[in-house]
Amino acid sequence: MADALTRSMRASHVLAAVLVVASLGFAAFGAASGDTFYLRLGTEALIFAGLALSVDILLGYTGLLSLGQALYFGLGAYLSALVLMVTPSFWAAMGATAIGAVVVGTIGGFIANRVRGVYFALITFGMAQVIAKVVYNTRALGASDGLIGVPVIDINLGLFKISSASPVGFFLVVLTFIIILYALAAYLLDTPFGRLLIALRANERRVPFLGYRTVTARLAAYVIAAVIAALSGALYPMLRGFVSPELLFFATSGNAVITVVTGGVGTLVGALYGSILLTLFKSVVGSYTEHHLIVIGLLFMGAVIFLPRGLMGIVRPVIERRLNRGAKS
Amino acid sequence: MSASVLEVRDLSVHFGGLRAVDNVSFAIARHRITTVIGPNGAGKSTLFNLISGAVRPRAGQVLIDGVDHTGEPPHRLQAAGLARSFQITNLFFELSVAENLRLAAQILEPMAMAWRPVAASRTALARVDELLERFGLTDKAPYPVGKLSHGEQRRLEVAVALACKPKVLLLDEPTQGMSHGDTEDTAKLIKSLSSDVTILLIEHDIGLVMSLSDHVIVMHQGQKLAEGTPAEVRGNPAVQTAYFGHA
Amino acid sequence: MMTAAIEYFQFVLAPQILIGLVLGVAVILVALGLTIIFGLLDVINMSHGEFYALGAFIALALASVGLPFWLLLLLVPLIMLPVGYIVERGLIQRVFHSGERHVTTLLLTFGLGLVMEDAFRLVFGPNPQKPPVPIAGAIDVFGVFLPLYRLFLILGGAAVVALVALVVYRTRLGAMVRAAAFDRHMAASLGVPVQHVYAGAFAFGVALAGLAGVMLAPIYSVFPTMGRDFILMAFTVVIVGGMGSIAGVVVAGLLLTQVQAISSLYISPVWSDPIVFGIMVIMLMVRPQGLFGRLGHG
């Protein structure tokens, strides 16, 4: 019999499946109507969902608030752009990004994990700000303009190839990729290692007496989150054809936190829904006024005060109860 | 194999000018229940913190099975076979009773299992069932710890400490705040545990100490005042003035 | 040789030190409220930079109807006090008692900052506005050119710090605040109205941010995102100085801005941020409590 944590993760899977079906419908509709704009917007929402996923692993499961996850998202975007400008290979870009994220994430994690609580939040914030400033002023990385002219690539998926310029094709590639990241994260969190992270969040002080070195576990969580953020970021230049230092700015990190908190902390699937809803919301409100931040900020504050588990805090328990009833009868 | 599974030599720690634990030495024999008693502020909990690695001793040694483990962090001491419970319940309150035990038992699994789903951790799950049964918590398994009664939480605290199959189990006031009936049950439980683990206990209930312990250590103002069988300690005049005299 | 050294000092080093000093005072003024709010409420006020901007915008609005700068120095903090009080009681108190107080209050103030920043853009427009410098002219300090207003800022900043320290350490009000910071339950049982002290301390910190906004507006100009420019430095100063320590803010504020100012003489200014940040990281590694301890804690 599955335990409570496994069962709530299953409820997340149901919601993720719903999201996949809806996305496929969206893609089919987009392809049929010859749309480009909304497919690209949807693709971007999914890419930022990957970033939010990494924030949720840290905040929702390990209990670490990162205010600088844009550092790894931007790292992935820049690495991927640089690789693609040399050799237009999807897998080379992804491989380089993964390796880069492990290296930088280990260094960053070593620094950030010296401290905890608010200090962790501030140090991750500071690291990202400093790197953003350095990139912004580094000519070799295009300084404030970023890197432009990332070529369109053909993504080799073994049996067939998909062009990054194809709105529907690339949307499906990104959807698949983000769902794989989600599934990997969900798998990990259901292992003894993942449960150790959950234990850290619940009561860090008891964990050493269970025989674990907490620093190591937190570092591992940090590096995994860094890799997920970076791999998501690596998809960005393929979509837009450029990267800019804004990707590293606090607004990007802050957006990911808003996404997770409104979507549902500690549910994984909340990051995906949050990102899509927020993107949708921005484009709807944005068509009326350029001051969508006021509305988003107010919604976010409302979620912090009234819905500590976000949107999924309402939806997921309903699914969970249904699953339980199904299991019993 | 050394005769004493846990030995402490000249252990000391100071907080500011206060000698919280001052030159304490003792050895405890395998599969026995040894109890530390003493008035409040005698240094009992600090002694536990020193042995379990929560606080680094300033001087002295902690030996487990004759091997020096002085100053090691808690996770190393755990690997050496030492586990502890806490005076103030220190569990994962939002998580279920079963998950608390599973977390504590997952270290029994081989390293490779850390990357397989928890449902595949047979050894750990079997251990959870065994402990639930033994501690009478089977009915409570799916509930979050926060929903349990105080007595149940205290029992779980002991069960979680025991889950990793330690050689030495330090129990810091396991019956703290329990009703009389619960205390008696817990005492029986602890007695039954001593067949496969060596227990070092802090306890206030003198009646319980006398009936439960094989060996008693009396602490007073950070120092070891006396030790011996319950009868010997009870008969010791120094103990009577320092401790029982006030009782 | 000797004259070369003097000239180097007069024309290169000294102006840089002065620039650093002005920046240092500015950072201290912003960080002061931040450290008081953290020291007492244990709250990281992510909207602090926006309260700083709010002070500057209020000053700008009041100046446009003809109020003199010197009156604004007093008036703006007084206007900010009730604003801060209401924010604390109406928002922060709502999540203050949840299990993860640090995270929830940080998130809430972050959201508040977003709203405020966009509201400034809506009301005042996105472009920078520069109020006139209240004191014209400049003096010669050991042969170094120093605008009079900057001299005023240095002296005025020192006066504000002294006043704040006086209030916190020498008045009955300050004693209550420190008692509540040290142990809220104990303080409550001694008859300290802890709820009001908390809201009051938040209001005080926010009013200080507003005062910083008034004082710095003539130098750094006023725009919706102006808070962002100082906030990382202010956080760094608060961490290095020791969260909640007033002395820590002063020492770390002067030290770090001098490091930044002088290092930018020799290396690209781009690297001065990483250097300052590096100091913070090293500090967190060797002495996590900062240079000085916490408010109310020894």
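This is a predicted model: local features need pLDDT of at least 70, side-chain atom pairs count only at pLDDT 80 or more; totals for chains, interfaces and linings use all residues.
The predictor's confidence was examined for chain B. The mean pLDDT of chain B is 88, and 97% of the residues score at least 70. Among the elements of this chain, helix 3 of chain B (residues 97-105) has the highest mean pLDDT, at 94. The lowest mean value, 79, belongs to helix 9 of chain B (residues 237-242).

Chain B is divided into two parts: domain 1 covers 1-81 + 166-247, and domain 2 covers 90-164. The centres of domain 1 and domain 2 of chain B, taken over C-alpha atoms, are separated by 25 Å. Contact between them involves 15 residues of domain 1 of chain B and 9 residues of domain 2 of chain B. On the side of domain 1 of chain B that touches domain 2 of chain B, strand 7 (168-172) and helix 6 (180-193) of chain B each supply at least two residues. Helix 6 of chain B provides the largest share of that side, with 4 residues. By class, the side of domain 1 of chain B that touches domain 2 of chain B consists of 8 nonpolar, 6 polar and 1 charged residues.

Contacts between chains were considered next. Where chain A meets chain B, 21 residues come from chain A and 32 residues from chain B. On the side of chain A that touches chain B, helix 1 (4-33) and helix 7 (192-203) of chain A each supply at least two residues. Helix 7 of chain A gives the most to this side, with 6 residues. The side of chain A that touches chain B comprises 11 nonpolar, 4 polar and 6 charged residues.

The contact between chain C and chain A takes 33 residues from chain C and 29 residues from chain A. Helices 3 (69-96), 4 (101-124), 9 (226-241) and 11 (272-286) of chain C each supply at least two residues of the side of chain C that touches chain A. Helix 4 of chain C gives the most to that side, with 16 residues. The side of chain C that touches chain A has 23 nonpolar residues, along with 5 polar and 5 charged ones.

The largest nonpolar core contains 283 residues, of which Val30(C) and Ala234(C) touch the most other members. This core lies between domain 1 (1-81 + 166-247) and domain 2 (90-164) of chain B, because both domains give residues to it. Apart from neighbours within four places in sequence, Val30(C) is in contact with Tyr52(C), Ala209(C), Ala212(C), Phe230(C) and Ala234(C).

Terms used
Residues are numbered from 1 along each chain as its sequence is written. Chains are lettered from A and ligands numbered from 1 in the order in which they are written. A nonpolar core is a set of buried Ala, Val, Leu, Ile, Met, Phe, Trp, Tyr and Cys residues joined through C-beta atoms within 7 Å. A residue is buried if 20 or more other C-beta atoms lie within 10 Å of its own, exposed if 12 or fewer, and partly exposed in between; C-beta atoms are placed from the backbone. Domain bounds come from an automatic or database domain assignment. Two residues are in contact if their C-beta atoms, placed from the backbone, lie within 7 Å. pLDDT is the predictor's confidence in each residue, from 0 to 100. Ala, Val, Leu, Ile, Met, Phe, Trp, Tyr, Cys and Pro count as nonpolar, Asp, Glu, Lys and Arg as charged, and the others, Gly among them, as polar.
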